[in-house]
Amino acid sequence: RGHIGNSKRDVDFKGFVEFIEGRLAKTYAAAKGIEGQAEAAAQLKAKIEATTPKLRGATKTSTDATTARLTDASRYTGSSKERFDAATGKGKGKAGREDPAPAFTNAGVSAPRK
């Protein structure tokens with residue numbers, strides 16, 4: 001915490017870059033036997049740019065047969081069958097949960113809208 005001070009709780013981008021170019025570059029250069037601190041900072045920045053963020057502790061998508069069977073919308077029956085599109089498996093939202101209101105015409109009440 002010495003690189004940002006004890007009063008700050010978060011590190012902003014400017015503080016992060018200062019840490020990489022300062023204290024971390026100095027330590028990295030000493031550990032790797034690099035002569036210049038600027039070269040060590042450039043190597044560290046290149047390593048950071050080459051990586052992608054990793055999700056730690058995140059739930060992974062299940063790929064087992066049981067989950068695939070239970071989430072296959074084409075096998076749904078009853079009211080659930082009406083709530084999901086069988087071809088894509090996407091939910092129909094409010095249209096799948098409620099009966100549509102009847103359409104009023106000059107001749108009277110017609111069949112519900114679809």
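This is a short talk on one predicted protein model, from its overall make-up down to a few single residues.

Please keep in mind throughout that the model is predicted.

Let's start with the whole chain. The protein's secondary structure amounts to five helices and two strands. How much of the protein counts as buried? Of its 114 residues, 11% do. The protein exposes about 9,900 Å², and 53% of that is supplied by carbon and sulfur atoms. Now think about contacts between residues at least 6 apart in sequence: 8% of these join residues at least 24 apart.

Next, please find helix H2, which covers residues 37–50. From its first C-alpha to its last, this helix of 14 residues reaches 20 Å, close to the 20 Å expected at 1.5 Å a residue. Which residues of H2 are buried? They are Ala40, Ala41 and Leu44. Looking down the axis of H2, you would see these buried residues fall within an arc of 100°, so they line one face of the helix. And what do the buried residues of H2 pack against? Their partner is helix H1, residues 13–32. Turn to the face of H2 that points away from the buried side, and you will find the exposed residues Ala38, Glu49 and Ala50.

Staying with H1 for a moment, let's look at Phe13, which has its place in that helix. Is Phe13 buried or exposed? Its relative accessible area is 65%, and exposed means over 50%, so Phe13 is exposed. Phe13 also belongs to a nonpolar patch on the surface, together with Val11, Phe16 and Ile48. Taken together, the four have about 390 Å² of accessible area.

My last stop is Arg83, in helix H4, which spans residues 79–83. Which residues does Arg83 touch, leaving aside its neighbours within four places in sequence? Arg83 is in contact with Lys90, Gly91, Lys92, Gly96 and Arg97. Pick out Gly96 from that list: Arg83 and Gly96 are 13 residues apart along the chain, yet 4.1 Å separates their C-alpha atoms.

To recap, we met H2 with its buried residues packed against H1, the surface patch that includes Phe13, and Arg83 with its contacts, among them Gly96. Thank you!

Technical notes:
Residues numbered from 1 in each chain as written. Predicted model: local features only at pLDDT ≥ 70, side-chain atom pairs only at ≥ 80, totals over all residues. Heavy atoms only, no water. Helix = DSSP H or I, 4+ residues; strand = E, 2+ residues; numbered from the N terminus. Contact = heavy atoms within 4.5 Å. Expected span 1.5 Å × (residues − 1). Buried < 20%, exposed > 50% of the residue type's maximum accessible area, 1.4 Å probe, protein only. Arc of directions from axis to C-beta. Patch = residues over 30% accessible without salt bridge, like charges linked within 9 Å, V, L, I, M, F, W, Y side chains within 5 Å. Areas by Shrake-Rupley, 256 points an atom, 1.4 Å probe, with all protein chains shown as cover. Salt bridge = Lys/Arg side-chain N within 4 Å of Asp/Glu carboxyl O.
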